[in-house]
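The entries below follow the order in which I checked them.

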Amino acid sequence: MLSLDASQIAERAAPFDYSEEIHWAGGAAARHNWQMMLAHTSAEWSGDLDATMETMTRNDPFQIMYATGLEVRGYEAMREFYRVRLTTFQGQGFFPHRWVVSDDLMVGNGYFYGTPTGTFFGMPTSGKTLCLPMTVWIYFEDGLIKGEVAYLDGHELRQQMVHGTSRRPTDPVL
């Protein structure tokens, strides 16, 4: 069972980059949402499917990436999505530069960075490194993650799938 103890979450999240720019737009629920997001992403980025799913509501969770047409809904479908994601891409994928955290949702702005294999977010890959500006909206319900919506430039994604990029996740996000 995944521990939501703040010190254990901090230890698990320590190897990853979550940005230093965090804007708080809420109270205790916002702080809880931040801890839940840290628990979720550190489990996901560590490859722990069961712990990742423990952070999600069973009430119709979702994952949407408009640039690729990916839309996953439902607990079992989300479990399968993460199972496949953990085989096509491992490790940290989103490198945020800033967060806004509220009592209902979080918005992160940064880069998707990595070299996925196979089919990634509904698109075939070519072994090229991707570094795409991305904004992620994370929704919460009853203290758990309800879903994520990712926004990025689909044209640039397709270009990078073919040609790769020299961009780095430390480059400024405008």
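I looked up the second largest cavity and found it lined by Met65, Thr68, Phe112, Phe120, Phe121, Leu132, Leu152 and Leu157. A cavity here is a set of points, on a 1 Å grid over the protein atoms alone, where a 1.4 Å probe fits but cannot get out, and lining residues have an atom within 4 Å of a point. The model is predicted: local features need pLDDT of at least 70, side-chain atom pairs count only at pLDDT 80 or more, and totals for chains, interfaces and linings use all residues. Residues are numbered from 1 along each chain as its sequence is written, and side-chain values use heavy atoms, with hydrogens and water left out.

I noted a volume of about 40 Å³ for the second largest cavity; a volume is the space filled by probe spheres set on the points, which are joined across faces, edges and corners. Its lining has 7 nonpolar residues, 1 polar and no charged. Ala, Val, Leu, Ile, Met, Phe, Trp, Tyr, Cys and Pro count as nonpolar, Asp, Glu, Lys and Arg as charged, and the others, Gly among them, as polar.

How many cavities of 30 Å³ or more does the structure hold? I found 2.

The largest cavity holds about 270 Å³ of space. I listed 23 lining residues, with Glu44, Trp45, Phe94, Met134 and Glu148 the closest to its centre. By class, 16 are nonpolar, 4 polar and 3 charged.

I then checked helix 2, which gives the most to this lining, with 5 residues. Helices are DSSP runs (H or I, at least four residues), numbered from the N terminus. Gly47 follows helix 2 and has a positive phi, near 85 degrees.

Methods:
On a 1 Å grid over the protein atoms alone, a cavity is a set of points where a 1.4 Å probe fits but cannot get out, and a pocket is an open set with protein on both sides within 12 Å along at least five of seven lines; lining residues have an atom within 4 Å of a point. Helices (H or I, at least four residues) and strands (E, at least two) are DSSP runs, numbered from the N terminus.
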